[in-house]
Amino acid sequence: MAVPYELLIGWRYTRAGRASRRNGFISFISAVSMLGIALGVAALIIVLSVMNGFQKEVRDRMLGVLAHVEVLTFGGEALPDAAAVAAVLRQHPRVRAVAPFIAEQGLLARGQDMKGVVVRGVDPAAEPAVTALGADWAAQALAALQPGRFGVVLGAALARALGVTTGDTVTLVLPSGQLTPAGVVPRLRQMTVVGLFDSGHYEYDATLALVHLEDAQRLFRVEGPTGLRVRLDDLHAAREVAIELAARLQTAGFEGLAVRDWTRANRTWFAAVQVEKRMMFIILTLIVAVAAFNLVSTLVMTVTDKRADIAILRTLGASPRSIMAIFVVQGAAVGVIGTAAGLTLGLGVAFHIDTLVPALERLLGVHFLPQDIYLISRMPSDPQAADIVPIALIALALAFAATLYPSWRASRINPAEALRYE
């Protein structure tokens, strides 16, 4: 099948340009435009992939500690009938496990060091079914939580901050005071550290202390669990299932209960990540736009340089539309090659960032992600087609748009005027 001559000439103009000094400069400008598009596309892919990976990594580590759905009372008192509420929850087809818990705030003291903590009472037998963290250390730390012994399992970062390890004792200061003849004094309880856990999420490793459910009832003077933790078959369906569970509980006569899914528990954080992702997409798209519109100057210079060629083609019968198509092909070829190079570079870095970043850290002697600031200590990456496809289409569309005006100007050249001084 015959190839249209517009395509052949346009491609020849794209790869030519070194025969003379003037054409060599035009070729250099074209290469710079191509490189700019490639770098812009690669930067977009790498940045969005890292943000996707960061969000996925933090989400997975959060769900190692958090349940998909939590059912609790508004005032923090014990559930009216925890067993009956759990039975209603288990009737939902998407619920896989239910575990009771008690959550209160307190202070942990060791010598002169004191840290604010969230004290969570858990059932060692049921907790591994609702959280990945429980499943990881159930055989060791959970088994050490025995009712009546007032043992505590601390996050690794919290234990380091207090300077304690397994077997040491800490003092738990409870929020409710005790009335004595001398006035109200804080309630204290000596706790033995029976285990440590490391969820990989600094916020929880530095603030969470786990005790046995029965010990938590005695410590906080409640008659039973203050909430239920629910695990679903699909974490992405948590919001819809939470709404359905709330309706089922209300129908069953359990009113006044709050049903909260994991997305609402960290709504501000996830919303901030989405806003940052959108803003980074807009900012980096402007880089691609600048590189794409460099094609305008390249094509204008090419049209000026090829005025005689255009005039000869017109005298041989080429239509203005064909002349326009030649320069559209030239600019589009630069955009396609630049976009393809950017995709190759961006995906190559995104898929191997877990090896590239540690190598750079060792080479430069720096640490890009301090764990106490960024929650995680390694650079994650998660390239998604939903981001990559729009990036490629936008880059191609901008490159094509940049070719329209110079190509139209080329089609308007008068052959007689162009050949007058040739």
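Colleague: Which residues of helix 7 (residues 213–220) are buried?
Modeller: This is a predicted model, and its helices (H or I, at least four residues) and strands (E, at least two) are DSSP runs numbered from the N terminus. Buried means under 20% relative accessible area, exposed over 50%, and partly exposed in between, with a 1.4 Å probe and protein chains only. On that basis, the buried residues of helix 7 are L213, D215, A216, L219 and F220.

Colleague: What ground rules sit behind the numbers?
Modeller: In this predicted model, local features need pLDDT of at least 70 and side-chain atom pairs count only at pLDDT 80 or more, while totals for chains, interfaces and linings use all residues. Residues are numbered from 1 along each chain as its sequence is written, and side-chain values use heavy atoms, leaving out hydrogens and water.

Colleague: How big an arc do the buried residues of helix 7 cover?
Modeller: The buried set is L213, D215, A216, L219 and F220. They lie on the same side of helix 7, because the arc they cover around the axis (taken from the directions from the helix axis to the C-beta atoms) is only 155°.

Colleague: How far does helix 8 (residues 238–251) reach from its first C-alpha to its last?
Modeller: Helix 8 has 14 residues. The expected span of a helix is 1.5 Å times one less than its number of residues. Helix 8 comes close to the expected 20 Å, with a reach of 20 Å.

Colleague: Which residues are exposed on the other side of helix 8?
Modeller: Start with the buried ones: A238, V241, A242, L245 and L249. Their arc is only 105° around the axis, so they fall on the same side of helix 8. On the other side, the exposed residues are Q250 and T251.

Colleague: Which helices do the buried residues of helix 8 pack against?
Modeller: Among the strands they pack against are strand 1 (69–73), strand 2 (95–110), strand 8 (227–232) and strand 9 (257–261). The helix partners are helix 3 (82–90) and helix 9 (262–265).

Colleague: How far apart are the axes of helix 12 (residues 320–351) and helix 13 (residues 353–364)?
Modeller: Axes are lines fitted to C-alpha atoms, for helices over the stretch in contact, with angles from 0 to 180 degrees between N-to-C directions. Angles under 35 degrees count as roughly parallel, over 145 as roughly antiparallel, 65 to 115 as roughly perpendicular and the rest as oblique, so helix 12 and helix 13 are roughly perpendicular to each other. They pack at about 75°, and the axis separation is 5 Å.

Colleague: Which residues of helix 13 meet helix 12?
Modeller: From helix 12 come V349, A350 and F351.

Colleague: How many residues of the contact of helix 12 with helix 13 are charged?
Modeller: Ala, Val, Leu, Ile, Met, Phe, Trp, Tyr, Cys and Pro count as nonpolar, Asp, Glu, Lys and Arg as charged, and the others, Gly among them, as polar. The contact has 5 nonpolar residues and no polar ones, and the charged count is 1.

Colleague: What does E127 touch?
Modeller: E127 lies in the loop between strand 3 (113–122) and helix 4 (132–144), and it's buried at 4% relative accessible area. Leaving out residues up to four places away in sequence, it touches A99, V122, L142 and R229.

Colleague: How far apart are the C-alpha atoms of I310 and S411?
Modeller: I310 is in helix 11 (residues 307–315) and is buried at 2% relative accessibility. I310 and S411 are 101 residues apart along the chain, but their C-alpha separation is 8.3 Å.

Terms used: Contact means heavy atoms within 4.5 Å.
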